[in-house]
Amino acid sequence: MFLLLACMQAEPAAPPPNVILVALDTVRWDATSFAGLDTTPNLTALAELPGATNYSRAWSPAAWSLPSYVSLFTGQSVRAHQVGFSNDSLPPGHATLAEMLRAYGYSSAGFCSGPHLDPLTGVHRGFGAWNHDLAFSSMAGMVDPALQWAEEQEGPFLLFVQGYDAHVPYPAPSAIAEHFDHGEQAAPDGACGDRATATCPSRVTMAKARGGLDENPTDPREVAHRWSHYQAAVFTADHQMGRLLYGLD
């Protein structure tokens with residue numbers, strides 16, 4: 001036994017994996033390629049990689065972004081952290097993913113935008129760098145600095161990249177918007193009811209303030225028009241994620 005142990009060579013320990021967390025804000029499942037549309041080719045390619053895990057039964061922990069992001073970074077239910085309801089920011093004593101990984105020698109950085117990810121909310125706790133734009137910005141401005149930061153890291157890292165490409169008023173490039181705007185494409189059942197959610201193509205409160213649009217259109221052609229523009233916005237978000245994945249590869 002001792003002779004056998006002496007002759008054996010210990011297997012080298014595998015290095016800790018890097019963790020890449022990408023958030024395509026306000027993207028509906030039924031607007032992706034998983035629902036039969038041609039909107040998320042990069043997300044589909046990622047899902048088809050060996051070892052990929054796809055969750056067919058997944059729900060956001062809240063109906064809007066702020067509490068959802070806090071749950072994402074803490075693993076806690078909204079009832080537990082109460083951010084966005086009873087609390088304006090994450091209370092002390094709630095550990096975040098970045099804080100836990102930092103204890104294991106990880107460096108970390110976030111490249112994101114929007115008021116829901118403002119450092120005042122506490123979602124940035126534990127990150128070594130938090131590059132944040134208060135406006136609802138595209139991921140297009142996050143990809144290149146995120147890739148540059150990742151290239152400079154020598155040890156394991158946590159990288160968070162986020163964008164509001166699919167948020168109202170759906171600012172997709174005109175060529176992409178025209179490609180998806182068929183005029184007669186129906187929105188999914190329940191997407192545009194009286195109780196429309198913030199991700200519904202008919203819920204255009206922000207767009208109404210900016211461009212004078214009706215919040216809940218009844219004309220099927222108008223609903224279809226907005227649904228097509230939302231698909232174009234989802235395609236744009238997927239394109240930016242593809243740029244990130246290609247750069248990381």
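These legends describe close-up views of one predicted model.

The model is predicted: local features need pLDDT of at least 70, side-chain atom pairs count only at pLDDT 80 or more, and totals for chains, interfaces and linings use all residues. Numbering starts from 1 along each chain as its sequence is written, and side-chain values use heavy atoms, with hydrogens and water left out.

**View 1**
Thr40 sits in the loop between β1 (19–24) and α2 (41–47). Helices (H or I, at least four residues) and strands (E, at least two) are DSSP runs, numbered from the N terminus. Thr40 has 1% relative accessibility and therefore counts as buried. Buried means under 20% relative accessible area, exposed means over 50%, and partly exposed lies in between (1.4 Å probe, protein chains only). A polar atom of the Thr40 side chain lies 2.8 Å from the backbone nitrogen of Ser33. A polar contact is a pair of N or O atoms within 3.5 Å; within protein, one must be able to donate a hydrogen and the other to accept it, and residues adjacent in sequence count only if both atoms are side-chain atoms. Not counting residues up to four places away in sequence, Thr40 touches Thr32, Ser33, Val234 and Asp238. Contact here means heavy atoms within 4.5 Å.

**View 1. Salt bridge of Arg28 and Asp30.**
The side chains of Arg28 and Asp30 meet in a salt bridge, 2.7 Å from N to O. A salt bridge is a side-chain nitrogen of Lys or Arg within 4 Å of a carboxyl oxygen of Asp or Glu. By this rule the count comes to five. Side chains of opposite charge can pair when their charged atoms come close. Arg28 is buried, at 14% relative accessible area.

**View 2. Salt bridge of Glu99 and Arg125.**
Glu99 and Arg125 pair through their side chains in a salt bridge, at 3.8 Å from N to O. The pair links distant parts of the chain, 26 residues apart. Glu99 belongs to helix α5 (residues 97–102), and Arg125 to the loop between β2 (107–113) and β3 (129–133). Glu99 counts as partly exposed, at 25% relative accessibility.

**View 3. Salt bridge of Asp144 and Arg243.**
In this salt bridge the side chains of Asp144 and Arg243 meet at 3.0 Å, N to O. Asp144 lies in helix α6 (residues 140–151) and Arg243 in helix α9 (residues 220–248), so the pair ties together parts 99 residues apart in sequence. Asp144 is partly exposed, at 47% relative accessibility. Arg243 is also partly exposed, with a relative accessible area of 27%.

Helix α9 has 29 residues, and at 1.5 Å a residue it should span 42 Å. Its end C-alpha atoms are 42 Å apart, which agrees. The expected span is 1.5 Å times one less than the number of residues. Asp219 caps the N-terminal end of α9. A side-chain oxygen of Asp219 lies 2.9 Å from the backbone nitrogen of Arg221.

The peptide bond from Val168 to Pro169 is cis, with omega near 10°. Pro169 is in the loop between β4 (157–163) and α7 (174–180). Thr26 is not a glycine, yet has a positive phi of about 65°. Thr26 is found in the loop between β1 and α2. Thr26 is buried, with a relative accessible area of 14%. Gln82, not a glycine either, has a positive phi of about 65°. Gln82 is placed in the loop between α4 (78–81) and α5. Gln82 is partly exposed, at 24% relative accessible area.

**View 4. Val78 and its contacts.**
Val78 lies in helix α4. At 12% relative accessibility, Val78 counts as buried. Val78 and Ala62 are 16 residues apart along the chain, and their C-alpha atoms are separated by 7.0 Å. Leaving aside neighbours within four places in sequence, Val78 is in contact with Pro61, Ala62, Pro67, Ser71 and Phe85.

**View 5. The second largest pocket.**
The second largest pocket has a volume of about 210 Å³. On a 1 Å grid over the protein atoms alone, a pocket is an open set of points where a 1.4 Å probe fits, with protein on both sides within 12 Å along at least five of seven lines; lining residues have an atom within 4 Å of a point. The lining includes Asn42, Ala45, Gly242 and Tyr246. Helices α2 and α9 each supply at least two lining residues. The largest share, four residues, comes from α9.

Conventions:
Grid points are joined across faces, edges and corners, and a volume is the space filled by probe spheres set on the points.
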